[in-house]
Amino acid sequence: MAKSALITGITGQDGSYLSEFLLKKGYRVFGIMRRKSELNYGNVSHLLDKITILDGDMCDVNSLIQAMKISQADEVYNLAAQSFVASSWSQPVFTGQVDAIGVTNILDALRIVKPEARFYQASTSEMFGLVQEIPQRETTPFYPRSPYAVAKLYGHWITVNYRESYDLYACSGILFNHESERRGQEFVTRKITMHVARAYHGDKTPLRLGNMSAKRDWGHAEDYVEAMWLLLQQETPDDYVIATGETRTVREFVEKAYAQAGFNLRWEGEGINEKGINTDTGEIMVCVDEKFFRPAEVELLLGCPEKAEAKLGWKRKVSFDELVSRMVKHDIAQGVAKT
Ligand code: NAP
Ligand code: G4F
């Protein structure tokens with residue numbers, strides 16, 4: 001009998017790659033999707049003949065119980081979230097309802113319908129926030145810096161608590177930033193690669209960014225969904241950091257992305273006056289806009305993947321350069337429309 005998996009957040013970046021990964025392994029894949037005024041299957045439109053979409057919302061426990069009953073999932077991947085950190089200051093309560101209480105809802109649905117099912121929680125490096133140690137590992141103390149990270153910390157600990165209280169096979173993957181050609185357009189990497197593509201196609205509007213000195217440990221989402229699956233194939237449930245072990249500034253991502261499209265930049269000015277200038281034409285291609293600064297920033301993330309590499313046998317395959325190159329090439333090929 002083929003194994004069955006239930007994915008919350010199936011229409012998102014990770015949900016789509018995880019669906020493809022599990023289908024290749026022969027799983028029957030079910031996904032929960034919330035109702036929208038205009039029907040839109042997001043990143044899984046190309047998989048609709050292979051997966052089953054169920055109506056549900058992380059804030060509605062009954063819909064999650066129904067989804068567990070219908071799918072009879074052996075493995076549950078909880079990827080649904082309000083995942084954009086910046087929006088968590090404008091929608092802190094909603095973020096808490098989905099990213100924190102939503103986790104209790106799906107854990108209870110699993111516990112009521114099929115307690116032997118295995119559970120993956122999408123925890124995040126944002127929980128390290130104001131980092132207490134470099135690099136960050138499983139034992140590093142948390143210090144969340146946004147309503148998003150605070151909500152995710154609840155989700156993380158309720159997963160640990162349900163594992164210890166009810167003997168569930170429940171784990172958290174503490175994943176560092178992972179990007180792709182399917183990344184939401186508001187996240188900084190995709191915002192940059194889409195703007196580079198527009199510049200390539202002749203648009204001269206400068207790219208406006210916030211804190212370009214922030215550092216992130218960036219990998220490709222395709223590698224990270226394999227880690228999610230590996231977490232659920234172990235003898236005992238445990239929590240793991242999944243990261244590349246390298247960190248770069250947003251500025252470095254910008255330079256690489258523009259270079260990929262044939263534009264070389266030099267930097268002039270500091271702070272709010274910093275500008276990325278095209279070395280050939282002297283035109284301003286990048287500038288700073290305070291609008292994108294955050295009330296509290298996470299300045300540096302750098303993960304230590306040693307435990308995942310040793311115990312899960314996981315290793316990232318896509319390098320930073322390849323990640324940037326793939327995203328830029330994809331967006332140029334799309335011929336991106338001006339937003
Ligand atoms: P994403 O592209 O923003 O996808 C989020 C998914 O959650 C979407 O399918 C969204 O559906 C769904 N969702 C949001 N609210 C919901 C609700 N109330 N009920 C049901 N579904 C809901 O995020 P991602 O990058 O794939 O990330 C997947 C998970 O990993 C998230 O939990 C994120 O917080 C976490 N994470 C991501 C990263 C990263 O770097 N990507 C790193 C660490 C952790 P709609 O299409 O309806 O919006
Ligand atoms: O791309 P970002 O919005 O991602 P962030 O905040 O690191 O969060 C992502 O990764 C987390 C894992 O660490 C996930 F849990 C979370 O769900 C999400 O997927 O911003 C990255 C950095 C920040 O420091 C931000 O201040 O880029 C900086 N930045 C500078 N200018 C900008 C911009 N970010 C955005 N989105 N837009 C800008 O214009």
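A polar contact is a pair of N or O atoms within 3.5 Å; within protein, one atom must be able to donate a hydrogen and the other to accept it, and residues adjacent in sequence count only if both atoms are side-chain atoms. A backbone N or O atom of H178 meets that limit, 2.9 Å from an oxygen atom of ligand 1.

This is a predicted model: local features need pLDDT of at least 70, side-chain atom pairs count only at pLDDT 80 or more, and totals for chains, interfaces and linings use all residues. Residues are numbered from 1 along each chain as its sequence is written, ligands are numbered from 1 and chains lettered from A in the order in which they are written, and side-chain values use heavy atoms, without hydrogens and water.

**Ligand sites**

Ligand 1 is surrounded by 24 residues (a heavy atom within 4 Å). T11, R34, S83, Y148 and K152 are the closest. Around ligand 2 there are also 24 residues, and T124, S125, Y148, R294 and E297 come nearest.

| Residue | Atom | Ligand | Distance |
|---|---|---|---|
| G12 | polar backbone atom | ligand 1 | 3.1 Å |
| S83 | side-chain N or O | ligand 1 | 2.6 Å |
| S83 | backbone N or O | ligand 2 | 2.7 Å |
| Y148 | polar side-chain atom | ligand 2 | 2.7 Å |
| V188 | backbone N or O | ligand 2 | 2.9 Å |

**Helix pair**

F253, K256, A257 and Q260 in α8 meet F320, D321, V324, S325, M327, V328 and K329 in α10 (heavy atoms within 4.5 Å). By class, this contact has 6 nonpolar, 2 polar and 3 charged residues. Here Ala, Val, Leu, Ile, Met, Phe, Trp, Tyr, Cys and Pro count as nonpolar, Asp, Glu, Lys and Arg as charged, and the others, Gly among them, as polar. Helices are DSSP runs of H or I with at least four residues, numbered from the N terminus.

Definitions and conventions:
Helix = DSSP H or I, 4+ residues; strand = E, 2+ residues; numbered from the N terminus.
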